Amino acid sequence: MLVGNLLDMSRIESGAFKPKREWNILSEIVGSVLARMRHSADEHKLEIDVSENLPFVPVDYVQMEQVFTNLVSNSLKYAPSNTLIRIQANIQNDTIHVQVSNQGPQVPPEHLERIFDKFYRITAADRVTGTGLGLSICKGIIEAHGGNIWAENIPDGLAFNFTLPLIWEGVSAPSLPMDTEIE
């Protein structure tokens, strides 16, 4: 895993990390990640508010799975057992805004931007496993998709936010065909 993360970071830093974008359904990406992580999330409450009615998003499915995996993993590591981890998504103008929040410790304001730096850790480095690359990989993936990512303290914990454009090469998301039943 460490080698894979280091390779991903090398590609991101060299500009060779190109998304293979297609129109995808965000709720399917989130569902896939959570199905794979269900055992590691046993000790937390998950609340998902990612509607199946959101428009398609032009993303690389595998890379976006990595983003959600890293953000949820980070939340699981730092938030105490039996606390809430929430994933929400909504439309804001021509972007989709996603928030992954947890009830873990808040981050001192001066460290909020730096948590996306390689190998940067603020707290619990002695008891939390990992390479220190997960959040920087998220940043590289989101920025390669033309989006933005940031962290913020919320009243009961920490939230990771990111936005992604809904327009790709000048084109808006295709519409799902309407289901027409003939009786």
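This is a predicted model: local features need pLDDT of at least 70, side-chain atom pairs count only at pLDDT 80 or more; totals for chains, interfaces and linings use all residues.
The accessible surface of the chain comes to about 10,200 Å², and 50% of this area belongs to carbon and sulfur atoms.

Of the 183 residues of the chain, 44% count as buried. The secondary structure consists of 4 helices and 7 strands, and these elements, read from the N terminus, follow the order α-β-α-β-β-α-β-β-α-β-β. Among the contacts in the chain with a separation of 6 or more, those between residues 24 or more positions apart account for 72%.

Helix H4 spans residues 134-144, and its buried residues are Leu-135, Ser-136, Ile-137, Cys-138, Gly-140, Ile-141 and Ile-142. An α-helix has 3.6 residues a turn, so residues three or four places apart point the same way. After H4 comes Gly-146, a residue with a positive phi near 85°.

Which residues does Asn-70 touch, leaving aside those up to four places away in sequence? Asn-70, which is found in helix H3, touches Gly-134, Ile-137 and Cys-138; Ile-137 and Cys-138 are among the buried residues of H4, and Gly-134 falls within the residue range of that helix. Asn-70 counts as buried because its relative accessible area is 13%, which is under the cut-off of 20%. The side chain of Asn-70 is also joined to the side chain of Gln-66 by a polar contact of 2.6 Å.

**Aromatic pairs**

The count of aromatic pairs comes to 2. The rings of Trp-23 and Trp-168 have centres 5.7 Å apart and planes at 65°, so this pair is edge-to-face. The pair links distant parts of the chain, since Trp-23 belongs to strand E1 (residues 22-24) and Trp-168 to the segment after E7, 145 residues apart. Trp-23 has a relative accessibility of 23% and therefore counts as partly exposed.

Phe-68 and Phe-162 form an aromatic pair that is likewise edge-to-face, with 5.7 Å from centre to centre and 65° between the planes. Phe-68 lies in helix H3 (residues 61-78) and Phe-162 in strand E7, so the pair ties together parts that are 94 residues apart in sequence. Both Phe-68 and Phe-162 are buried. Helix H3 thus holds Phe-68 as well as Asn-70.

Most residues other than glycine have a negative phi, and most peptide bonds are trans. Where do Asn-93 and Glu-169 lie in the chain? Asn-93 is placed in the loop between strand E4 (84-92) and strand E5 (95-102), and Glu-169 in the segment after strand E7 (157-165). Neither residue is a glycine, yet Asn-93 has a positive phi and Glu-169 has one too. Their values are set out below.

| Residue | Phi | Relative accessibility |
|---|---|---|
| Asn-93 | about 60° | 74% |
| Glu-169 | about 50° | 71% |

With a relative accessibility of 74%, Asn-93 counts as exposed, and Glu-169, at 71%, counts as exposed as well, because the cut-off for this class is over 50%. The segment after E7 that holds Glu-169 also holds Trp-168, the partner of Trp-23 in strand E1.

Methods: Residues are numbered from 1 along each chain as its sequence is written. Side-chain values use heavy atoms; hydrogens and water are left out. Buried means under 20% relative accessible area, exposed over 50%, partly exposed in between (1.4 Å probe, protein chains only). Helices (H or I, at least four residues) and strands (E, at least two) are DSSP runs, numbered from the N terminus. Rings of Phe, Tyr and Trp (its six-membered ring) pair if their centres lie within 6.5 Å; planes under 30 degrees apart count as stacked, over 60 as edge-to-face and the rest as tilted. Contact means heavy atoms within 4.5 Å. Accessible areas come from the Shrake-Rupley method with a 1.4 Å probe; for residues, only the protein chains shown count as cover. A polar contact is a pair of N or O atoms within 3.5 Å; within protein, one must be able to donate a hydrogen and the other to accept it, and residues adjacent in sequence count only if both atoms are side-chain atoms.
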